Amino acid sequence: MVKKIYLHLIFLSFFFIKEAFAAESGGMPQLNPEFWVSQIFWLVLTFGIMYLVLSKLILPKISNNLESRKSQILENIEAAEKQREDSETKLKEYDQIILKSKTEANSMFNQAREKAVKDINAKREVLDKQIDEEIAKAEKEIQALRDNAPDKINKIAIETSSELLQKLIGAEVNNSSISAIVDDLSRRNGDKYYGN
Amino acid sequence: MAANPMSQFDVYRIGPEIKVGAFDISFTNASLFMIISTVSILLIFNLGSKKNSILPNKIQLLAELSYTFVAKMISDTAGSKAKPYFAFIFSLFMFVLFCNMFGMIPYTFTVTSHIIVTFVLAAFIFIGVTVIGFIKHGFGYLKLFVPSGVPAVLLPLIVVIEIISYLSRPISLSVRLFANMMAGHTMMKVFGGFVISLGIVGGWLPLSFSVALTGLEILVAFLQAYVFAILTCIYLNDALNLHH
């Protein structure tokens, strides 16, 4: 497309050149050799100076700038990469520490619980023992009381009977004969009062 | 004067006539614009290379982008062996580009619209490339004219054609740039003349053409500088890496 336009331009230019040739006696100023030497001289001079200054002073500086920037950017990227790695390892360490402390806390909790359970069990055992002892003691007392009860009842019955007889009859009655009667009665009726 | 579209290419003396022997090396408007172009190139690139900040400012970015642009162009077309010629091709590209672009400003003179200027550049390139080729390859450089895989019967014809095409390189290189510049500027002048002659009533059409042409010519100015530089790279590639 652009090429086509150039071709057209060149054709058109030839058309205009012809026109110019027809119109001007001088024709194309480009073909007038009057200033050719001057143009060559000034071209060589300006282009030469520009080439020298560019190649010796300016272009090395630009290439230097580009290189140093490139290396600096690479360095920075490397440093950033290193820091990233550092932070990653630190993050891992942190995670490990947290994990460790978690397990520690867990184990501590478990230990404490076990200890508490053990304590409770020990105390309960002691208490159970005490209670058992107390119960046994109480039962023994009760047993003793129960064992003693018939004798006392007998005694009370004998004394009461002797006093009753004394008041009723007015005479002293032998205690031993009364006790024999009471014993006999209590043996016969013992089962009625003590149901066991 | 304004009616003649060719008068913009007139070279005239500025100041006194300077003569060295039989040669007239007077300062002309062409010399003035060569100096303006080279001084602006040196100024821009000097400013662009002065400070080296990690975040480049606009002018530094411009200089560095141009540098990498030309460096990439050379390495793409001529390979890594062309590195010593980087400065020359960079100067060439910038010189042609700035001369073309300064020519786009109204009432300026386009240095590259003169066949003698482009021919001197092209001839220098041609001679330089030929010398480099002979230094690098000796007489083996002549193998450039003998393409591989050509039947022996056709060889004499092909060699003649190759030699002619090689010898026409400076002509094609110089005429391409010169003709493009001259044609574009002549067309713009002609359309500008139409605007005046057709007046307020009919002048709008050529005026719009003129506006469009200005855009096109700026594109051409860049493209021709690029083409000039890339063809130099291709010729240099032939001299450095003999492919035949």
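Author: Chain B contains seven helices and two strands, where helices (H or I, at least four residues) and strands (E, at least two) are DSSP runs numbered from the N terminus. Along the sequence of chain B, these elements occur in the order β-β-α-α-α-α-α-α-α. The model is predicted: local features need pLDDT of at least 70 and side-chain atom pairs count only at pLDDT 80 or more, while totals for chains, interfaces and linings use all residues. Residues are numbered from 1 along each chain as its sequence is written, and chains are lettered from A and ligands numbered from 1 in the order in which they are written.

The C-alpha trace of chain B spans about 65 × 55 × 45 Å along its principal axes. Of its 244 residues, 36% count as buried, that is, with 20 or more other C-beta atoms, placed from the backbone, within 10 Å of their own. Among contacts in chain B between residues at least 6 apart in sequence, 65% join residues at least 24 apart; a contact requires C-beta atoms, placed from the backbone, within 7 Å of each other.

Helix α3(B) covers residues 86–103. Because 13 of its 18 residues are buried, α3(B) is largely enclosed by the rest of the structure.

Turning to the partner chain, 45 residues of chain B are in contact with 38 residues of chain A. The elements of chain B that give two or more residues to this side are β2 (23–24), α1 (29–50), α2 (58–78), α3, α4 (115–137) and α6 (169–202). The largest share, eleven residues, comes from α1(B). By class, this side of chain B has 28 nonpolar, 14 polar and three charged residues; Ala, Val, Leu, Ile, Met, Phe, Trp, Tyr, Cys and Pro count as nonpolar, Asp, Glu, Lys and Arg as charged, and the others, Gly among them, as polar.

One helix pair across the two chains may be described in detail. Helix α2(A), residues 36–169, packs against α4(B) at an angle of about 50 degrees, with the axes 9 Å apart. The arrangement is therefore oblique, the class for angles that are not under 35 degrees (roughly parallel), over 145 (roughly antiparallel) or 65 to 115 (roughly perpendicular). In this pair, A:Trp36, A:Gln39, A:Ile40 and A:Leu43 of α2(A) meet B:Ile116, B:Val117 and B:Val120 of α4(B). By class, six residues of this contact are nonpolar, one is polar and none is charged.

Note on methods: Buried ≥ 20, exposed ≤ 12 C-beta atoms within 10 Å, placed from the backbone. Contact = placed C-beta atoms within 7 Å. Expected span 1.5 Å × (residues − 1). Axes fitted to C-alpha atoms, helices over the stretch in contact; angles between N-to-C directions.
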